[in-house]
Number of protein chains: 4
Amino acid sequence: MFTAPLQPRIRGHSSLLSSVNTETVLLPLSVSHVSICGNRRITVSNASSEMQSCIDDCLACYRSCLSMATGHCLRMGGKHAEEQHLTHMHACAEICRTASHLMVIGSKHAPSVCAVCAEICEECAKECERVGDMDDCVAACRQSAESCRKMAA
Amino acid sequence: MFTAPLQPRIRGHSSLLSSVNTETVLLPLSVSHVSICGNRRITVSNASSEMQSCIDDCLACYRSCLSMATGHCLRMGGKHAEEQHLTHMHACAEICRTASHLMVIGSKHAPSVCAVCAEICEECAKECERVGDMDDCVAACRQSAESCRKMAA
Amino acid sequence: MFTAPLQPRIRGHSSLLSSVNTETVLLPLSVSHVSICGNRRITVSNASSEMQSCIDDCLACYRSCLSMATGHCLRMGGKHAEEQHLTHMHACAEICRTASHLMVIGSKHAPSVCAVCAEICEECAKECERVGDMDDCVAACRQSAESCRKMAA
Amino acid sequence: MFTAPLQPRIRGHSSLLSSVNTETVLLPLSVSHVSICGNRRITVSNASSEMQSCIDDCLACYRSCLSMATGHCLRMGGKHAEEQHLTHMHACAEICRTASHLMVIGSKHAPSVCAVCAEICEECAKECERVGDMDDCVAACRQSAESCRKMAA
């Protein structure tokens, strides 16, 4: 059905992947409406491949923000542990979780929620840049924001 | 197609992957505490690689159950759309989401929640087998149950 | 302070309260930022009384939609059990839960999320009216929509 | 501290109610399966009155823990802002939210989740006592723990 010996379709930015010890070559999702998370195949009956990708990005951002907020940031202290910053992180994690949820259930309202999610992610990225030492979180927020903007369009 | 020169650590069952048009070869997570979801790298400061894998499994199960419950099952009707079945699916989705959450924040209570999650996932797998035509969901539930049992131990 | 012989504006009922060892007479919410849910006093450091009220409304709507979707509607069958209707209900429940979350944590993004929440609740109310026999849910959606519009303004 | 002249067992206060165009006199919950949250009547088809009360307690605990964690505790600093304490608070908030969810959907697994929830709430109460200046949160955790233990039994 698909043979990609010469031109593997690599999803994502090479710059992001380059810092990861992994080679991920995935076939087009548009065929099977299947999403890959780790080694897991997820069949999603409600969502297009583009939406699947957005769900992936939102859940990755959720994990990154939540994990950093309750671990890294509190340990760093200072600006990282200020209320304003942590509230941003928690808000971003929560809206990403919910944007994913609406996409998973195939809600017609998913685009509206993705639009808000994109705004919050974008601002969280800026906030994380301001604080510094949050590169992975910045990348996750930007990726999620970009995907959500596409869904919202 | 892809050849990892030395010793590619392939995560996951080949039987699961074999039905997917993809080649996923990942290096050991234990080095970097990084999780891969799609093309996304997630740095998780609170979780070991085994825990990361469990989070992946739980979120995959969450997506599978929720998506099937609100799409596939309602469209199928009959046994698939009965209250008992759908409640199982929604309960499983929710506890998987929360088990993930506690692992992501690095809670000491994660193992207790994973223990309950394992039970619910296992029973959801059986329930999905009973109803039939839910193979992907059964696989996701089993995988999540297995990972959660390890975390709970 | 309380004299309601003729027109009791009594919330709850004595048999419930009688089993609770509590006497709760509260000052205006605007003073103490306290919310009442059942017989419980909730001190909320992040939210004004108007916001508390909106959180109450959103959580009430979440409970109503989720409960009806997984109980009443599936039992009724027919239009009540159609995918479109149930997806509306689940989407409304989820966004209400998240709007509450952002208000509880005092996020500056709460108004944006409340704006989307208001839209989804309003449409869910209409959807429930269309299907019929969903009066309590319609009321909960309308109340939540109204409160969210105020927060969004 | 409390001097109710005649012994009104009134929940809420007149200024809040006066702005609500509602006259709500409710029958015993055991008959109608209705819960009161603020001035809102919630019809819940899946849950007994005891379960309704437990949902109220869990959601109150969720709000208290989440609100204190992202507001009060970060502002207090010191022990209040330590990772251990905040992780407790966030874990407690999350499991309370999920215990509520399983009760709302009428899941047979609600008792198992309530059992874990009771443990986490109880320990969160102790943790909050250790840190001090968290009285409302301690009370909310204790109340939720107690209700959850009953549900789990």
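Tutor: One definition before we start: two residues are in contact if their C-beta atoms, placed from the backbone, lie within 7 Å. Please also keep in mind that this is a predicted model.

Student: Which residues of α3(A) and α5(A) meet by that rule?
Tutor: From α3(A), the residues include Met51(A), Cys54(A), Cys58(A), Tyr62(A) and Cys65(A). Among their counterparts in α5(A) are Leu86(A), Met89(A), Cys96(A), Arg97(A) and Met103(A). The residues of this contact divide into 19 nonpolar, two polar and one charged.

Student: Why are α3(A) and α5(A) called roughly antiparallel?
Tutor: Helix α3 (residues 49–70) and helix α5 (residues 83–104) of chain A cross at roughly 155 degrees, and their axes come within 8 Å. Angles over 145 count as roughly antiparallel, and therefore the label applies to α3(A) and α5(A). As for handedness, α3(A) passes α5(A) in a left-handed crossing.

Student: How do you know how α5(D) and α6(D) are oriented to each other?
Tutor: Helix α5 (residues 83–104) and helix α6 (residues 110–131) of chain D pack at an angle of about 150 degrees, their axes 9 Å apart. With the cut-off at over 145, this pair is therefore roughly antiparallel. The crossing of α5(D) past α6(D) is left-handed.

Student: What makes up the contact of α5(D) with α6(D)?
Tutor: On the α5(D) side, the residues include His85(D), His88(D), Cys92(D), Ile95(D) and Leu102(D). On the α6(D) side, Val113(D), Cys117(D), Ile120(D), Cys124(D) and Glu127(D) are among them. By class, the contact has 17 nonpolar residues, three polar and one charged.

Student: Where is His109(D), and what does His109(D) touch?
Tutor: His109(D) sits in the loop between α5 and α6 of chain D. Leaving aside residues up to four places away in sequence, His109(D) touches Ala91(B), Ile120(B) and Leu102(D).

Student: Is His109(D) buried or exposed, and how do you know?
Tutor: Count the other C-beta atoms within 10 Å: His109(D) has 21. A residue is buried if that count is 20 or more, so His109(D) is buried.

Student: What makes Asp133(A) partly exposed?
Tutor: Asp133(A) has 13 C-beta neighbours inside 10 Å. Exposed would need 12 or fewer, and buried 20 or more, so Asp133(A) counts as partly exposed. Asp133(A) is found in the loop between α6 and α7 (135–152) of chain A.

Student: Which values describe Asp133(B)?
Tutor: Phi of Asp133(B) is near 60 degrees, again positive. Asp133(B) has 15 C-beta neighbours inside 10 Å and so counts as partly exposed. Its place is in the loop between α5 (110–131) and α6 (135–152) of chain B.

Student: How many helices and strands are there in chain A, and what share of its residues count as buried?
Tutor: Chain A has seven helices and three strands, and 60% of its 153 residues count as buried.

Note on methods: Residues numbered from 1 in each chain as written. Chains lettered and ligands numbered in written order. Predicted model: local features only at pLDDT ≥ 70, side-chain atom pairs only at ≥ 80, totals over all residues. Axes fitted to C-alpha atoms, helices over the stretch in contact; angles between N-to-C directions. Helix = DSSP H or I, 4+ residues; strand = E, 2+ residues; numbered from the N terminus. Parallel < 35°, antiparallel > 145°, perpendicular 65-115°, else oblique. Left-handed = near helix turned anticlockwise from the far one by under 90°. Nonpolar A, V, L, I, M, F, W, Y, C, P; charged D, E, K, R; others polar.
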